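Dear colleague,

Please find below the structure that I am handing over to you. My notes on what was found in it follow directly after.

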Amino acid sequence: MLIPPNRHGRLWTWLDTRVGLAELEKLLKKKEVPVHRHTLWYYLGGMTLFLFMIQVATGILLLLYYRPSAEEAYESIQFLMAEVEFGWLIRSIHAWAANLMIFTLFIHLFSVLLLKAYRPPREVTWLSGIGLLGVALGLGFTGYLLPWNQLAYFATKVGTEITGVVPVVGPFLGRVLRGGDEVTGATLTRFYGIHVAVLPAITTLLLGLHLFLVQRHGMSVPPSVEQAGGPRRTMPFFPNFLLRDLVGWLSALAALAALAAYFPTELGQKADPFAPAPAGIRPEWYFMFMFQTLKLLPSYILGIEGEVVGVISFGLGGLFLLLIPFLDRRTARGEPSHLFTWIGIAIIVYMLILTYLGYTMVPTQ
Amino acid sequence: MRAVGGLGAVAWVALLALLGWPSAAAGQQRVESCVTCHLETGDDRLADPVKRFGEDIHSAKGFGCVACHGGDAKEAGMEAMDPAKGYIGKPDRQQVQTVCGRCHSDARFMKRYNPALRVDQVTEYATSVHGRRLKELGDPKVAICVSCHPAHSIKPPSDPRSTVHPLKVAETCGRCHADAKHMEAYKIPTDQFQKYKESVHWRMMSIKGDLSAPTCNDCHGNHGAAPPGVTWVGNVCGQCHAVQAEFFAKSIHAKVFAQMGAPGCAACHSNHEIKEATDAMLGLGDNAVCAGCHAAGDKGGKAAVEMRALLDSLSGESEKARAILLQAERAGMEVSQAQFDLNGAKDALVKARAAVHAFTVQAVKKEGEPGFAIGAKAYARGVRALDELQFRRKGLAVSLVIILALIVGLVLRIRQLDRRS
Amino acid sequence: MAEDTLEPEPTRRGFISWFLGTSAGAFLLSVLYPVGRYLIPPPIAESTAGTVTLPIKPDDVKPNTGQIFKFANRPAILIRTPAGELRAFSAVCTHLNCTVQYRPDLAHIWCACHNGHYDLNGKNIAGPPPRPLDTFVVNARGNQIVVSKSA
């Protein structure tokens, strides 16, 4: 990694003739990263990728001890935390990195949105990115249940109930998701399958496409920088940008280690379907703005149930977000598009306020 | 007994003839003439027994009026109540036990209905204060069968509506025993019911729904109701509090209390108003019962203080261990095994508290000792868990230093690269 | 390091390379160490709510004795009957949740708190307990005792 690629040894030559290292090197050398006042945002995609890699590595390690059944899931994690050396570390890092990953993913998304990086020819990159966001949220939602503790159980119960609100197909979807009418061991097995096989497979495909397109199109330069003209500075991706990336990744790792050591993930009480729901059930923070919106909606809007309106709105909102590259015609033509800048800011402000309310409002209200 | 047997046989014949077996009777709806007339009179005093009898256990088993009152229910008019046909009307107070006993004392007969039911109620009743006063003095106020098992609406004790269901017994006895006017002539206290309601036993029964908790009859007997004698109070309490009773029986207090005429367990715990026993009862403090006889100077007083100190230190130790394990748990350490093991200290504390009834320091020490060991071990596990937490933080520090060094190296390399380009 | 001579600051560059290599190596170790330790199976075999492998050898349980063990965070009691059979029950008295014990003198299970008695099938036979103790399945496999919840 630190050896300059021009130092060619015998091994290099041997490998080159068989694998084609020189072409790879050429590819790496060709890639340039524009340098301007918004370059900072380029690091967030890489950061999310790094955190995803950590998820894969720690997830595989957790698989060695985890048992996906209602009878054994909780106990296997208790065993992992108590008896397996560094079990607490692996589990805590997995949990914390998940949160950090979704956080950096959101920032990556909004930076792309506000810097209009979705404009042609990068529409498909945007689509695959939104797909990755959906998959990441799905990973978070399914992973939350796996410890089979009280909080996870009830949060999942509430979360899957919301799917039942979707008109026509809702109840059916809810049943499919839960693997039955209630959240049971069948749900756990299902979520486990989705969490460790289905979603990672989809992620691999989408991520492959996403990275291929980034490589193909190069980094997008924001319109504001383009219009300002001037000599465009660049830096080689390898090694200059990658080394900077590494600094960021290592800092993230240090933060993860500190979080894991000081705030290890708790296990809580084992899920008991017959126990009363514990106080203060709330979803993971990244679902909070949706959860809070549904709570604040009046019970009926224009004769339709408030929850139904809320769920449909979020569905439409997601669709709108997905289709932004095609709706924002002005940006596509290379003209400034203040409307979409303001829409982006409005989304961020909305999410921030609702999340804030979700954590501060008295639960009984 | 021969006469009773004869009466029983008469009732039997009447019963078989009139009702057939309950199963057979189910087919043809029988209407006894007693029922028809008693309902028609319009006099509530006459109609009431008939109306209530529907939910009586005897009605459910297929018995009718004639089973107790005699007569012939096939006769439509007043002939049904011909004494020649065995009609006895309302049995008088002396007669009631005979009427009930006709069946309830007959093992062979009762077997057909409830083989598990005892058949010695009448015999027992004869030994009770109630039965003796009835027989010897013809006392018109003592309890007879129907005082507790109301005629025409008798239900088995397992039925929550029954007057003799465990939750209702105290109230049933209290109807007379808490009535100062009723009890005036007997010169015995009438506050037992009120005191019992304050006791830990009633609380367990009424709030926790523990129907095995004792009520009046568990200590006094039911049909043979009598106050436990001073010397055998311990045996009665020992039914459930066996360990304490065993220690007590071998203790010096057993002898001394007997000589003094002090009523065993009740000497310290009282009888009806038994409060939850706490460690505060031991020693010479404000609420300590020992202080009633012992002073700081005498041998017993010293032992009491020493036993109290032992219990206090044992519960303190186990509390300390529990606290540190909780702290470790809150910090995210997994200590469930240690927490489980700590239950052993609680068990030892329970045993040591029971051993207090031997009134020797050695006994308490012997039972409590394993608890100290378990508590110390659990505490050590808690300390170790917190140490492990420190180890984690040291490990974190080391890895952070390494990461920082690597970052510094990378930054130096980046600057070098930038300078070259 | 043949190239170093071409650089203007050979020692500085060499130092940075050395420093980077060393810290990268240390970093790799600090990652691999916990992962390696994590992969080593712990000495205590895993237990679950459904089954538990006891740290007791079958031969160590003499006839007409009993001992308490942890089963899904609750106490349970393993007894060997005078006839030599191994049995296991929940050790939580059904009366007020005290922990029961085996009484060799009575040859059955007994709760000290309120003199509750259970026979060798866990059935409540005397005293306040309202219900029998929960029964578990015991299997002695070679040198191990495995207790599991009855299906």
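Two residues are in contact when they have heavy atoms within 4.5 Å of each other. In chain C, 37% of the contacts with a separation of 6 or more are made by residues 24 or more positions apart.

Before going further, please note that this is a predicted model, in which local features need pLDDT of at least 70 and side-chain atom pairs count only at pLDDT 80 or more, while totals for chains, interfaces and linings use all residues. Residues are numbered from 1 along each chain as its sequence is written, chains are lettered from A and ligands numbered from 1 in the order in which they are written, and side-chain values use heavy atoms, with hydrogens and water left out.

Chain C

Chain C holds one helix and 10 strands; these are DSSP runs numbered from the N terminus, with helices (H or I) of at least four residues and strands (E) of at least two. Along the sequence, the pattern of chain C reads α-β-β-β-β-β-β-β-β-β-β. Of its 151 residues, 42% are buried, where buried means under 20% relative accessible area, exposed means over 50%, and partly exposed lies in between (1.4 Å probe, protein chains only).

The interface of chain B and chain A

This contact involves 21 residues from chain A and 19 residues from chain B. About 1,900 Å² is buried between the two chains, with 71% given by carbon and sulfur atoms; buried area is the accessible area (1.4 Å probe) that two parts lose on being put together, summed over both. On the side of chain B, the residues that lose the most area to chain A are B:Glu334, B:Arg392 and B:Leu410, together 28% of what that side buries.

One salt bridge is found across this interface, a salt bridge being a side-chain nitrogen of Lys or Arg within 4 Å of a carboxyl oxygen of Asp or Glu. A:Arg244 and B:Asp418 form a salt bridge, with their closest N and O atoms 2.6 Å apart. Helix H24 (residues 361-420) of chain B gives the most to the side that touches chain A, namely 14 residues.

Helix H24 of chain B also contains B:Gln416. This residue counts as buried because its relative accessibility is 10%. Leaving aside residues up to four places away in sequence, B:Gln416 touches C:Arg13 and C:Ile16.

Salt bridges within chain A

Over all chains, the count comes to 30 salt bridges. In one of them, the side chains of A:Lys157 and A:Glu182 meet at 3.2 Å, N to O. A:Lys157 lies in helix H7 (residues 150-163) and A:Glu182 in the loop between helix H8 (170-178) and helix H9 (185-217), so the pair ties together parts of chain A that are 25 residues apart in sequence. A:Lys157 is partly exposed at 21% relative accessibility, and A:Glu182 is partly exposed at 40%.

A:Arg175 and A:Asp181 form a salt bridge with their closest N and O atoms 3.1 Å apart. Here A:Arg175 is partly exposed at 45% relative accessibility, whereas A:Asp181 is exposed at 56%.

Finally, salt bridges link A:Arg330, A:Arg333 and A:Glu335 in a network. Within it, the closest N and O atoms of A:Glu335 and A:Arg330 are 3.6 Å apart.

With kind regards
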